[in-house]
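Work through the exercises below with the structure in view, and try each task before you read its solution.

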Amino acid sequence: TMEIKSLISEVIINESLFNSSIKVDFKVVDGFDLFQKSHLSGGEKIQIRITRKDNIKESYGNAKNKFDITCYIAEIFDHSKPKPGIQFYRILCLSEHAFINNIRSISRSFNSNANALVRDICLNDLKYKGKTNFADKNLPVISGVYPNLKPLEAITWLLRNAHDEDTPFFFYETLAEG
């Protein structure tokens with residue numbers, strides 16, 4: 001376990017109705033040679049704790065405005081060494097289910113409604129353990145075969161072909177609601 005908050009110059013957390021995962025982009029100013037000493041290569045687990053404290057003596061546990069995010073390093077890029085002893089790089093992190101998506105594929109038949117199929121992919125293929133909010137609508141049953149698709153690709157296909165009175169469905173993740 002390493003505390004690296006002193007190396008982070010900027011954190012951008014991206015959540016969108018059009019992204020199936022939270023994306024976190026860190027800009028790192030590394031004067032301690034963390035990159036080489038820790039052998040960062042991708043796949044490392046990152047625990048992010050962000051809080052806005054009402055006063056400086058308030059602890060993280062007592063803060064009202066806080067987020068606790070677990071993600072995994074997906075990419076390390078924009079690496080540069082402008083002068084000896086200092087290096088800059090960016091770290092892109094994804095939620096666990098998006099990281100797992102990159103190493104799994106689905107090849108099986110399906111026969112159910114889109115909500116149940118998406119729930120099944122999330123819980124069984126992506127091993128999602130966070131909060132979920134799958135609308136329980138009486139959608140028509142669809143059947144077919146997932147032809148060696150990544151789980152999130154299968155969800156995208158299901159949602160593109162599922163509709164409720166011409167209302168589209170979205171699959172996204174938020175910090176507050178899972």
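**Exercise 1.** Which residues of helix 4 (residues 151–160) are buried?

Solution. Before starting, note that this is a predicted model, in which local features need pLDDT of at least 70 and side-chain atom pairs count only at pLDDT 80 or more, while totals for chains, interfaces and linings use all residues. Residues are numbered from 1 along each chain as its sequence is written, and side-chain values use heavy atoms, with hydrogens and water left out.

Step 1: helices (H or I, at least four residues) and strands (E, at least two) are DSSP runs, numbered from the N terminus. Step 2: a residue is called buried under 20% relative accessible area, exposed over 50%, and partly exposed in between, with a 1.4 Å probe and protein chains only. Step 3: in helix 4 the buried residues are Pro 151, Leu 152, Ala 154, Ile 155, Leu 158 and Leu 159. Step 4: viewed down the axis of helix 4, these buried residues fall within an arc of 155° (taken from the directions from the helix axis to the C-beta atoms), so they line one face of the helix. An α-helix has 3.6 residues a turn, so residues three or four places apart point the same way.

**Exercise 2.** What covers the buried residues of helix 4?

Solution. Look for contacts, meaning heavy atoms within 4.5 Å. The cover includes helix 2 (96–101), strand 6 (106–112), helix 3 (114–125) and strand 7 (142–149).

**Exercise 3.** How many aromatic pairs does the structure hold, and how are the rings of Phe 18 and Phe 170 arranged?

Solution. Step 1: rings of Phe, Tyr and Trp (its six-membered ring) pair if their centres lie within 6.5 Å, and planes under 30 degrees apart count as stacked, over 60 as edge-to-face and the rest as tilted. Step 2: the structure holds four such pairs. Step 3: the ring centres of Phe 18 and Phe 170 are 6.0 Å apart and their planes stand at 80°, so this pair is edge-to-face. Step 4: Phe 18 lies in the loop between strand 1 and strand 2 (23–30), and Phe 170 in the segment after helix 4, so the pair ties together parts that are 152 residues apart in sequence. Step 5: Phe 18 counts as exposed at 68% relative accessibility, whereas Phe 170, with 42%, is partly exposed.

**Exercise 4.** Classify the pair of Tyr 72 and Phe 99.

Solution. The centres of these two rings are 5.5 Å apart and the planes are at 15°, so the pair is stacked. Tyr 72 sits in strand 4 (residues 65–83) and Phe 99 in helix 2, 27 residues apart.
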